[in-house]
Amino acid sequence: MTSMTVKLSSEGQISIPNVVREQLGLKAGDELSFALEGNEIRLRVLKPKKLSDFYGILPATHPFPGKEAVRQSVAEDLAGKLLSES
């Protein structure tokens, strides 16, 4: 574990050392989470997940019929709802 010291500004801000930013891949606008644990702070990087990160997370219960079949099914369902409302 590497230890570094930074100073708190009068506005309550700190600068994250460049070496840490590079190692964690931090960029301007990234979100960080602070968790207070006794008299220590745990800092976590909150990176947004891409949809592709969730691929395969749930078991498939039936094979995917393809985009066109899904679009056709949605269109038929929507048309049925619109017709029943008339």
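Guide: On a 1 Å grid over the protein atoms alone, a pocket is an open set of points where a 1.4 Å probe fits, with protein on both sides within 12 Å along at least five of seven lines, and a lining residue has an atom within 4 Å of a point. Before going on, the ground rules: this is a predicted model, where local features need pLDDT of at least 70 and side-chain atom pairs count only at pLDDT 80 or more, while totals for chains, interfaces and linings use all residues. Residues are numbered from 1 along each chain as its sequence is written, and side-chain values use heavy atoms, with hydrogens and water left out.

Back to the lining: helix 1 (18-24), strand 1 (31-37) and strand 2 (40-46) each give two or more residues to the largest pocket. Helix 1 is the top contributor, with four residues. These elements are DSSP runs numbered from the N terminus, helices being H or I with at least four residues and strands E with at least two. By class, the lining has 15 nonpolar residues, four polar and no charged ones; Ala, Val, Leu, Ile, Met, Phe, Trp, Tyr, Cys and Pro count as nonpolar, Asp, Glu, Lys and Arg as charged, and the others, Gly among them, as polar. The volume is about 730 Å³, meaning the space filled by probe spheres set on the points, with grid points joined across faces, edges and corners.

Now follow the chain to Gly25, in the loop between helix 1 and strand 1. Gly25 has a relative accessible area of 27%, so it counts as partly exposed (buried is under 20%, exposed over 50%, partly exposed in between, with a 1.4 Å probe and protein chains only). Leaving out neighbours within four places in sequence, Gly25 has contacts with Asp30 and Lys47, a contact being heavy atoms within 4.5 Å. Gly25 and Lys47 are 22 residues apart in sequence, with 9.9 Å from C-alpha to C-alpha.

Gln13 is in the segment before helix 1. Gln13 is exposed because its relative accessibility is 52%.

Zooming out, the protein has two helices and two strands, in the order α-β-β-α from the N terminus. It is more spread out than a compact globule, because its radius of gyration is 24 Å, well over the 12 Å that the globule rule gives for 86 residues; the radius is taken over C-alpha atoms, and the rule is 2.2 Å times the number of residues to the power 0.38. Buried residues make up 3% of the 86.
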